[in-house]
Amino acid sequence: MTPFLAVILVGVPLAWLVGFAAYAYVDAPKYGMNPRKWALISFAVPLFGFLAYVFERDELDYNPEEDPYAGGDDGRTGGFAVHESRQGEKRLGPAGTEADDDDADDEWDDPDGVDL
């Protein structure tokens, strides 16, 4: 095997792994994560370890103010948002039938025949 081929087959992938580990080591403290742990995972588990770090890091960066599905005071209840074009339409009941509003005092809005 020629030295040039050895560098390509071994050196380039090894350089990528070291780069992924270095990035995880430098970036992890910004998100309050353990840098040694994530650098080791990024180096020891090729590509998937680094992707796990990136996805785990993004999960820690949640802002409910930017979440369109978080419950808010703009007409949404419990994280369920109705598009403006569908507001005011009749609700659907089980199996696509129109829901009747005769149980307006029912706080749980359970199906007919079931009282929770």
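Of the 116 residues of the protein chain, 17% count as buried (under 20% relative accessible area; over 50% is exposed, and partly exposed lies in between, with a 1.4 Å probe and protein chains only). The model is predicted, so local features need pLDDT of at least 70 and side-chain atom pairs count only at pLDDT 80 or more, while totals for chains, interfaces and linings use all residues. Residues are numbered from 1 along each chain as its sequence is written, and side-chain values use heavy atoms, with hydrogens and water left out. The protein chain has 3 helices and 0 strands.

**Layout and confidence**

- From the N terminus on, the elements run α-α-α. Helices (H or I, at least four residues) and strands (E, at least two) are DSSP runs, numbered from the N terminus.
- The chain averages a pLDDT of 77. This score is the predictor's confidence in each residue, from 0 to 100.
- A pLDDT of at least 70 is reached by 60% of the residues.
- Among the elements, helix H2 (residues 35-44) has the highest mean pLDDT, 95. H3 has the lowest, 89.
- Where pLDDT is low, the predicted coordinates should not be read in detail.

**Nonpolar core**

- The largest nonpolar core has 8 residues: Phe 20, Ala 24, Ala 28, Met 33, Trp 38, Phe 50, Tyr 53 and Val 54. Such a core is a set of buried Ala, Val, Leu, Ile, Met, Phe, Trp, Tyr and Cys residues joined through side-chain atoms within 4.5 Å.
- H1 and helix H3 (48-59) each supply at least two residues of this core.
- H3 gives the most to this core, with 3 residues.
- In soluble globular proteins, nonpolar side chains tend to be buried together.

**Aromatic pairs**

- The whole structure holds 5 aromatic pairs. Rings of Phe, Tyr and Trp (its six-membered ring) pair if their centres lie within 6.5 Å; planes under 30 degrees apart count as stacked, over 60 as edge-to-face and the rest as tilted.
- Phe 20 and Phe 50 are stacked, at 4.5 Å centre to centre and 15° between the planes.
- Phe 20 lies in helix H1 and Phe 50 in helix H3, so this pair ties together parts that are 30 residues apart in sequence.
- Both Phe 20 and Phe 50 are buried. Phe 50 has 13% relative accessibility.
- Tyr 23 and Phe 50 are edge-to-face, because their ring centres are 5.9 Å apart and their planes stand at 65°.
- Tyr 23 in helix H1 and Phe 50 in helix H3 are 27 residues apart, and their pair links distant parts of the chain.
- Tyr 23 is partly exposed, with a relative accessible area of 41%.
- Ring pairs link Trp 16, Phe 20, Tyr 23, Trp 38, Phe 50 and Tyr 53 into a cluster.

**Salt bridges**

- The count comes to 2 salt bridges. Each is a side-chain nitrogen of Lys or Arg within 4 Å of a carboxyl oxygen of Asp or Glu.
- Asp 27 meets Lys 30 at 3.8 Å, N to O.
- Asp 27 counts as buried, at 5% relative accessibility. Lys 30 counts as exposed, at 63%.
- Asp 27 also meets Arg 57, at 2.6 Å, N to O.
- Asp 27 lies in helix H1 and Arg 57 in helix H3, so the pair ties together parts that are 30 residues apart in sequence.
- Both Asp 27 and Arg 57 are buried.
- Shared partners join Asp 27, Lys 30 and Arg 57 into one network of salt bridges.

**Surface patch**

- Met 1, Phe 4, Leu 5, Ile 8, Leu 9 and Val 10 form a nonpolar patch on the surface. Patches are made of residues with over 30% relative accessible area and no salt bridge: like charges are joined within 9 Å, nonpolar side chains (Val, Leu, Ile, Met, Phe, Trp, Tyr) within 5 Å.
- Together these residues have about 680 Å² of accessible area. Accessible areas come from the Shrake-Rupley method with a 1.4 Å probe; for residues, only the protein chains shown count as cover.
- Leu 5 is found in helix H1 (residues 3-27). Leu 5 is partly exposed, at 39%.

**Loop residue**

- Leu 47 sits in the loop between H2 and H3.
- Phi of Leu 47 is near 65°, a positive value in a residue other than glycine.
- Leu 47 is partly exposed, with a relative accessible area of 44%.
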